[in-house]
Amino acid sequence: MDISLSRSSPTAVEADAIVVLQEEPAEGKIVPRPDLAGPAAALYESSEITGKLLELTLLHGVAGFAAKRVLVAGVGKPGKLTPTQLRRISGAAVRLLKGKGVNTIAFAAESKPDQVALIAEGALLGLWEPDQHKSEPDKKTISTFMVVVSGADPALDAALLQGKVLGEAANLSRDIAVQPPNLLTPLALAARARAMAEANGLSVDVLDQDRMKQLGMGALLGVAQGSAEPPALIVLSYKPSAAKSSAHLGFVGKGVTFDTGGISIKPSDGMEKMKYDMAGAAAVIGTMQAIAQLKPAVQVTALIPTVENMPGGKAQRPSDIVKSLSGKTIEVLNTDAEGRLILADAITYAKQLGCTHLVDVATLTGAIVVALGSHASGMFSNDESLASAWTAASEAGCERMWRMPIFDEYRDQLKSVYADIGNIGGREGGACTAAVFLKEFVGDTPWVHIDNAATAWLDDAKPWMSKGPTAVPIGSFVNLALNWK
Ligand code: BES
Ligand code: ZN
Ligand code: ZN
């Protein structure tokens with residue numbers, strides 16, 4: 001889909017359809033948009049158009065409009081429209097129009113950079129479908145999407161580019177996250193990351209099993225040993241031409257291409273969903289594509305530990321003790337708590353590479369799904385300044401986060417009789433003990449941990465987005481780097 005700005009007027013722009021916004025009245029009777037007051041009077045009169053949030057009314061051959069169709073999108077009460085809602089309206093409009101065989105869409109926006117970016121991004125997110133492996137994918141597609149603005153402000157062009165880059169990066173991430181585990185093995189994930197890096201001028205280093213052995217990444221390798229598929233640690237680096245600060249951000253993403261649980265095997269019912277246990281990795285790869293294209297003034301290194309968690313004949317057993325890269329020993333009491341094991345070594349390696357601030361993202365626990373449902377990602381942090389930068393970035397990225405605690409008491413739950421730490425902390429506070437396990441390897445480095453187990457995947461399609469991977473928290477990552485001070 002080609003995305004551009006159009007500086008023509010909403011009534012003059014030529015397209016198969018134009019999307020226009022309609023507010024609900026604060027109270028009393030609806031006030032129609034001036035350009036629709038005459039031609040759509042009957043629809044307003046009959047309350048077919050009410051302006052309710054996400055209401056979509058498709059009109060054909062509207063007098064005064066050059067576009068063939070007008071899609072009236074409700075935005076709710078005056079002044080209440082949030083960035084998330086605007087992005088959703090754009091996605092929902094694209095999905096509805098695509099279903100009608102429309103080819104070119106114009107979207108009449110206010111001439112504000114923020115709105116332009118959200119509309120462009122929302123349109124791209126709405127267009128994506130998980131049909132990569134269908135023999136006959138849906139042929140209907142949108143060739144052209146124009147955001148209609150007035151005024152010559154170059155900030156509008158920059159905003160369009162940012163929205164487009166973010167939307168495309170999110171869709172790359174979704175293309176990766178949706179792949180089945182027979183096709184997306186750890187080495188296949190590394191190949192995808194390498195291809196993206198080479199196409200976008202990032203440096204890439206893929207550590208193989210031998211190098212990880214030499215370095216002493218016993219925690220990561222312990223998880224990998226139950227699978228016939230070799231593991232990898234993917235490192236992608238972005239260096240700005242002129243850095244604004246001496247900070248070096250490390251973005252770490254969990255890349256378990258399939259999580260059977262290992263010897264602590266999961267129930268078969270629902271196990272198929274565990275192909276998305278690399279959604280953190282996919283979000284980080286998409287993030288690095290956006291960063292390569294938008295060029296923030298801060299150094300960023302992405303680290304993706306990737307393994308398949310299988311119960312093969314060489315698999316690690318509950319009670320095994322492994323030595324992590326940090327030197328700390330870990331008693332593996334449950335092989336299904338594998339994410340924290342591979343992240344521990346990736347976090348230590350990130351610090352060895354000189355990262356000064358760390359953010360990791362992982363589909364880490366079922367407990368976060370119980371705690372928050374799918375309405376927010378769990379956020380944990382040991383540093384107020386990084387936590388508030390992340391919160392601001394997540395708001396700009398339309399990704400809801402909810403701060404969770406990392407009390408010292410959770411560390412007591414991780415005590416092991418035989419090793420420095422155990423990899424599980426019992427039934428209580430499972431998302432928090434997982435975070436505190438990671439904190440053990442983070443040390444004093446400012447750090448944010450995001451548990452996106454509930455937000456990385458949509459179980460049911462929404463009007464604005466298909467079922468499947470969401471790319472969360474890609475928007476927060478990209479905005480954190482772009483707004484770094
Ligand atoms: N990948 C899972 C977490 C998960 C569960 C993600 C459900 C999405 C939906 C993780 O590796 C895992 O299995 N965690 C265990 C930890 C437990 C053994 C302490 C869990 O949450 O049950
Ligand atoms: Zn697991
Ligand atoms: Zn897992």
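## Around helix α10

Helices here are DSSP runs of H or I with at least four residues, numbered from the N terminus. This is a predicted model, in which local features need pLDDT of at least 70, side-chain atom pairs count only at pLDDT 80 or more, and totals for chains, interfaces and linings use all residues. Residues are numbered from 1 along each chain as its sequence is written, ligands are numbered from 1 and chains lettered from A in the order in which they are written, and side-chain values use heavy atoms, leaving out hydrogens and water.

Why is α10 largely enclosed by the rest of the structure? Of its 14 residues, 12 are buried (under 20% relative accessible area, with a 1.4 Å probe and protein chains only). Among them are Leu-341, Ile-342, Asp-345 and Tyr-349.

Now let's visit the ligand. Around ligand 1 there are 16 residues (each with a heavy atom within 4 Å), and Asp-259, Lys-266, Asp-336, Glu-338 and Gly-366 come nearest.

Some polar contacts (pairs of N or O atoms within 3.5 Å) can be picked out. A polar side-chain atom of Asp-259 sits 2.9 Å from a ligand 1 oxygen, while Gly-366 uses a backbone N or O atom, 2.7 Å from an oxygen of ligand 1. On the side chain of Asp-277, an N or O atom is 2.9 Å from a nitrogen of ligand 1.

Definitions and conventions:
Polar contact = N/O pair within 3.5 Å; in protein donor to acceptor, adjacent residues only side chain to side chain. Buried < 20%, exposed > 50% of the residue type's maximum accessible area, 1.4 Å probe, protein only. Helix = DSSP H or I, 4+ residues; strand = E, 2+ residues; numbered from the N terminus.
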